[in-house]
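Hi there,

Here is the structure I promised to pass on. Have a look at it first, and then read on for what turned up.

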Amino acid sequence: MAPTAVRIREVGPRDGLQNEPEVIATEAKVALIDALARTGLRRLEVTSFVRAEVIPQLADAEQVLERIDVPDGVAVSVLIPNERGLRRALAHRERIDEINVFLSASETHNRRNVNRSIAQSLAELERVLARAREVGWRCEGVISTSFGCPYEGRVPPARVLEIAARLRDAGAQEVGFGDTTGMANPAQVGEFFTTARARLGEELELTAHFHNTRGQGLANVLAALQAGVESFESSFGELGGCPVPPGATGNIATEDLVSMLEEMGIHTGVDLPALLACARHAQELLGRALGSHTLVAGPVQWRQSVPG
Ligand code: ZN
């Protein structure tokens, strides 16, 4: 049965901006994050502690964290790729509520993405999670290519869930399952999350992270909802994608997600016009049209019913 309310983590400032060809000025990022934090979104992934040589777009992680002004009740999340990133994050620990660590379910994708085997990634991330829990951060582990890999094809669900269980046992309170290159279909998603809940227990928060690469993002959301998923990640303006392989674009757009859910009577807490204003602002900043449908069409307008 579908839930009556869901939690949405906005990942655009990190997952989105890291894939833009240009580097956005720190002040502009801060203004965008501050605006997003006032749309009713309760979870915001703001940056990543990756090396500046790898992702120059996010080289200002420290400055962004120090300058943003986020209201109480909005959780600030950062991506921590490894122990080196952890050391940087620890210097700003009081600015951070949640962290996420990530790896791929496919050996080839993990090697291409972070130049490590899955076993090596897990060993390091287990150390990161242990320290993060000591600090008091809430922890999410994200598993990329959970529904398919461009290099290896099908990824056995048992393998994905084995990795999820390792992350849970290492201290992750939430596991995100990423459809990194948009290969998932709704039948697969429904079956996957039903199995995941049964295998991973009721305590662990299961989060769906879909990409709209083949236009199936919202169909996958519906399937996940029907399997009981209550937590989603999305990106305003449909920003973002995955650098491997090139051209694999687009997280699902937060405004499309919010529009669909609210029309279905599922509460998101998000003020859609305020969110659309953020996406329009990002469009101006980036100098190109963004991919979200609701940005083009506007919110659904129902005619006032005529009395009598
Ligand atoms: Zn993504």
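**What I found**

N100 is buried, with a relative accessible area of 2%. Please keep in mind throughout that this is a predicted model. N100 belongs to strand 4, which covers residues 98-104. Its side chain makes a polar contact of 2.4 Å with the side chain of E45. Setting aside residues up to four places away in sequence, N100 touches E45, S77, V78, L79, I80, E140 and V142.

**The zinc site**

Which protein atoms are the donors of the zinc ion? They are D15 (OD), H209 (NE2), H211 (NE2) and N251 (OD1), and they lie 2.1 to 2.2 Å from the zinc ion. Along the sequence, these donor residues follow the spacing D-x193-H-x1-H-x39-N. D15 sits in helix 1 (residues 12-16), while N251 sits in the loop between strand 10 (248-249) and helix 10 (254-263), so this pair ties together parts that are 236 residues apart in sequence.

The arrangement of the donors is irregular, because the 4 donor atoms subtend angles of 83 to 155° around the zinc ion. For four donors to count as tetrahedral, all angles would have to lie between 85 and 135 degrees. As for accessibility, D15 counts as buried at 5% relative accessibility, and N251 counts as buried at 0%.

**Aromatic pairs**

F177 is buried at 0% relative accessibility, and F193 is buried at 1%.

F193 also pairs with F192: here the centres are 5.3 Å apart and the planes are at 90°, so this pair too is edge-to-face. F192 and F193 are both buried.

**Backbone points to check**

Most residues other than glycine have a negative phi. Against that background, which phi does T145 have? T145 has a positive phi of about 50°, although it is not a glycine. T145 is in the loop between strand 5 (138-144) and helix 7 (157-169), and it counts as buried at 0% relative accessibility.

E238 is also not a glycine, and it has a positive phi of about 60°. You will find E238 in the loop between strand 8 (231-234) and strand 9 (241-242). With a relative accessible area of 18%, E238 is buried, since the cut-off for buried is under 20%.

In helix 9 (residues 217-226), the buried residues are G217, N220, V221, A223, A224 and L225. What covers them includes helix 8, strand 7 (205-209), strand 8 and helix 10. Just after helix 9, G228 takes a positive phi of about 95°.

Helix 6 (residues 118-135) holds A123, and A132 lies in helix 6 as well. Is A123 buried, partly exposed or exposed? A123 is partly exposed, with a relative accessible area of 31%, whereas A132 is buried, with a relative accessible area of 0%. A123 and A170 are 47 residues apart in sequence, and their C-alpha atoms are 9.7 Å apart in space. For A132 and L90, which are 42 residues apart along the chain, the C-alpha atoms are separated by 8.7 Å. Leaving aside neighbours within four places in sequence, A132 is in contact with I99, W137 and C139.

Happy browsing, and do write back with any questions.

Best wishes

How values were computed: Residues numbered from 1 in each chain as written. Predicted model: local features only at pLDDT ≥ 70, side-chain atom pairs only at ≥ 80, totals over all residues. Heavy atoms only, no water. Donors = N, O, S within 2.8 Å, 3.2 Å for Na, K, Ca; no water. Tetrahedral: all angles 85-135°; square planar, octahedral: opposite > 155°, others 65-115°. Helix = DSSP H or I, 4+ residues; strand = E, 2+ residues; numbered from the N terminus. Buried < 20%, exposed > 50% of the residue type's maximum accessible area, 1.4 Å probe, protein only. Polar contact = N/O pair within 3.5 Å; in protein donor to acceptor, adjacent residues only side chain to side chain. Contact = heavy atoms within 4.5 Å. Phe/Tyr/Trp six-rings, centres within 6.5 Å; stacked < 30°, edge-to-face > 60°.
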